[in-house]
2 protein chains.
Amino acid sequence: MNFPSNIFTSHAKEDGKFFEGLTEILGFKPKKLHVYKKAFVHRSANIRDKDGNAMNYERLEFLGDSMLGTIISKYLYLEVPEGDEGYLTKMRSKIVSRKHLNELGKDLGLLHFVESRIPKSNFGDNIHGNVFEALVGAVYLDRGYKYCERFINKRVIAPYVDIEQLEGKVISYKSLIIEWCQKQKKTFRFDVYEDAGNDAIKHFAVKLAIGGNIVAKARATSKKKAEERASKRAFYALQDKMGKS
Amino acid sequence: MNFPSNIFTSHAKEDGKFFEGLTEILGFKPKKLHVYKKAFVHRSANIRDKDGNAMNYERLEFLGDSMLGTIISKYLYLEVPEGDEGYLTKMRSKIVSRKHLNELGKDLGLLHFVESRIPKSNFGDNIHGNVFEALVGAVYLDRGYKYCERFINKRVIAPYVDIEQLEGKVISYKSLIIEWCQKQKKTFRFDVYEDAGNDAIKHFAVKLAIGGNIVAKARATSKKKAEERASKRAFYALQDKMGKS
């Protein structure tokens with residue numbers, strides 16, 4: 001196979017980089033690195049294992065898709081005791097939508113690790129979500145259910161899932177904050193700056209000041225998300241003053 | 001609520017029976033009995049919890065359906081390394097088909113425990129499969145992932161899943177055995193008898209004799225299944241003689 005920097009034949013140094021990047025994304029150390037490598041191989045790379053079976057992320061994607069759905073189902077079941085089966089199904093679809101997963105995979109910079117013969121610029125957006133699902137499948141195989149649940153909590157539920165927003169009750173916390181400030185004739189200011197910290201992934205930090213006082217801080221992988229997160233925090237902090245709208 | 005023998009207001013004696021029946025079905029002791037009770041409440045029973053939320057098996061069915069799919073996905077992933085994503089998806093659909101799950105729930109006698117206002121005879125076949133899925137959800141909540149996987153292995157994979165049969169490569173092991181006996185001019189005989197053993201569920205046992213010698217025994221919840229299972233065992237025992245067809 002004449003394939004440059006093939007992750008299956010890579011050197012210790014490249015493995016080390018892969019291991020480090022992966023640890024950052026997962027939040028724990030991977031054990032069986034070869035399982036994760038598979039999660040990043042596009043079918044165009046045309047790699048086969050010693051038994052001649054195609055080796056790419058599609059089978060892991062099948063597994064991860066199912067696992068992701070299950071963890072989200074359990075989360076929703078426990079989180080929304082008043083939601084019936086139809087509600088739970090609808091909410092789960094929103095959380096695991098293509099759009100959502102693509103955004104997530106893009107934020108994590110998963111494409112960086114992908115092996116393919118096709119130039120990466122030729123891929124559509126779905127590659128991000130597909131690889132993310134494959135990664136979930138790899139975690140499940142490598143470390144089992146508990147770690148898989150932990151990974152999904154860290155990378156999907158905690159940063160992305162807001163039941164009220166999903167229900168469409170709140171479109172944007174930022175707009176709620178702006179509206180409130182205008183009504184109250186208070187100044188507001190979002191100070192956003194790049195803050196990578198020790199993360200391999202680019203992060204943005206934001207400080208939200210209202211009437212000259214910093215009321216909330218947040219950090220996320222995009223400016224928009226960091227602002228939204230800080231606004232949400234401010235919203236809950238100010239909720240008594242603002243009244244529940 | 002004027003509902004006779006309501007499992008939520010039942011006496012210790014009825015709870016004891018439910019516990020025993022459940023332990024038999026699960027293969028382990030349930031811990032939180034109230035979680036399992038919910039798995040057997042049809043919406044027509046119109047039961048609500050203290051917060052006014054509808055209490056029936058539909059939410060658990062949502063959870064169990066997802067969990068079942070995940071366990072089957074993992075099983076197929078590991079069992080069929082040569083199957084691509086399309087193959088795995090197709091096989092999973094066959095295993096968790098309505099027809100299949102209804103048969104399974106019926107064999108386990110789940111309807112016996114169902115609470116409803118509708119006469120049980122009015123239910124369609126889907127009640128069996130729906131309640132089975134809800135039961136999977138209950139196991140997941142009560143005992144976690146590992147027990148859930150164990151339960152599905154015991155009640156779905158071990159007794160029902162035969163990859164070759166699902167692929168349509170083998171229609172019936174019984175017919176293979178009969179065909180072989182006729183070619184070889186050997187007599188064959190299936191001796192079936194009812195054999196409940198200590199099980200709450202009715203079982204059948206079968207002895208398969210070829211040329212006067214017992215070559216396989218099996219036990220299952222229907223005559224047909226017991227015969228098929230004994231034939232499969234005989235098939236593998238005789239495979240060298242029969243050749244792979």
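Select chain A and colour it by accessibility: 51% of its 245 residues are buried, where buried means under 20% relative accessible area, exposed over 50% and partly exposed in between, with a 1.4 Å probe and protein chains only. This is a predicted model, in which local features need pLDDT of at least 70 and side-chain atom pairs count only at pLDDT 80 or more, while totals for chains, interfaces and linings use all residues. Residues are numbered from 1 along each chain as its sequence is written, chains are lettered from A and ligands numbered from 1 in the order in which they are written, and side-chain values use heavy atoms, with hydrogens and water left out.

**Chain A as a whole**

Keep chain A selected and switch to cartoon. Chain A has nine helices and three strands; these are DSSP runs numbered from the N terminus, helices being H or I with at least four residues and strands E with at least two. Read from the N terminus, the order of elements is α-α-α-α-α-α-α-α-β-β-β-α. Along the principal axes, the C-alpha atoms of chain A fill a box of roughly 70 × 40 × 30 Å. Among contacts in chain A with a separation of 6 or more, 55% join residues 24 or more positions apart; contact means heavy atoms within 4.5 Å.

**The nonpolar core**

Now show both chains and select A:Phe40, A:Phe132, B:Phe40 and B:Phe132. These residues have the most contacts inside the largest nonpolar core, which has 107 residues. Such a core is a set of buried Ala, Val, Leu, Ile, Met, Phe, Trp, Tyr and Cys residues joined through side-chain atoms within 4.5 Å. Helix α6 of chain A, residues 126-160, gives the most to this core, with 17 residues.

**Annotated positions**

Next, select A:Asp65 and A:Glu133, which an unreviewed UniProt entry marks as "active site". UniProt positions are given here in the numbering of this structure, with feature names shortened, and annotations may be inferred rather than shown by experiment. The two positions are spread over 69 residues of sequence, but they cluster in space, with a largest C-alpha distance of 5.4 Å.

A:Asp65 is in helix α3 of chain A, residues 58-79, and A:Glu133 is in helix α6. Which of the two is buried, and which is partly exposed? A:Asp65 is partly exposed at 36% relative accessible area, whereas A:Glu133 is buried at 2%. Leaving aside residues up to four places away in sequence, A:Glu133 touches A:Leu60, A:Glu61, A:Gly64, A:Asp65, A:Leu68, A:Arg98 and A:Leu101.

A:Asn130, found in helix α6 of chain A, is buried with a relative accessible area of 15%. Outside the four places on either side in sequence, A:Asn130 touches A:Tyr57, A:Glu61 and A:Arg98.

**Two helix pairs**

Select residues 98-107 of chain A, helix α5, together with α6(A): their axes come within 4 Å and cross at roughly 80°. Axes are lines fitted to C-alpha atoms, for helices over the stretch in contact, and angles run from 0 to 180 degrees between N-to-C directions. The pair is therefore roughly perpendicular, a term for angles of 65 to 115 degrees. Residues in this contact include A:Arg98 and A:Leu101 of α5(A) and A:Asn130, A:Phe132 and A:Glu133 of α6(A).

For a pair across the two chains, select α3(A) and helix α4 of chain B, residues 85-95; they pack at about 40° with axes 8 Å apart. On one side are A:Glu58, A:Arg59, A:Glu61, A:Phe62 and A:Ser66, and on the other B:Glu85, B:Leu88, B:Thr89 and B:Arg92.

**Two last stops**

Select B:Tyr36 in helix α2 of chain B, residues 33-38. B:Tyr36 is buried at 0% relative accessibility, and the residues it touches include B:Phe18, B:Leu22, B:Leu135 and B:Arg143.

Finish at A:Gln182 in helix α8 of chain A, residues 173-183. A:Gln182 counts as exposed, at 53% relative accessibility. A:Ala237 is 55 residues from A:Gln182 along the chain, and their C-alpha atoms are separated by 18 Å.

Notes:
Angles under 35 degrees count as roughly parallel, over 145 as roughly antiparallel, 65 to 115 as roughly perpendicular and the rest as oblique.
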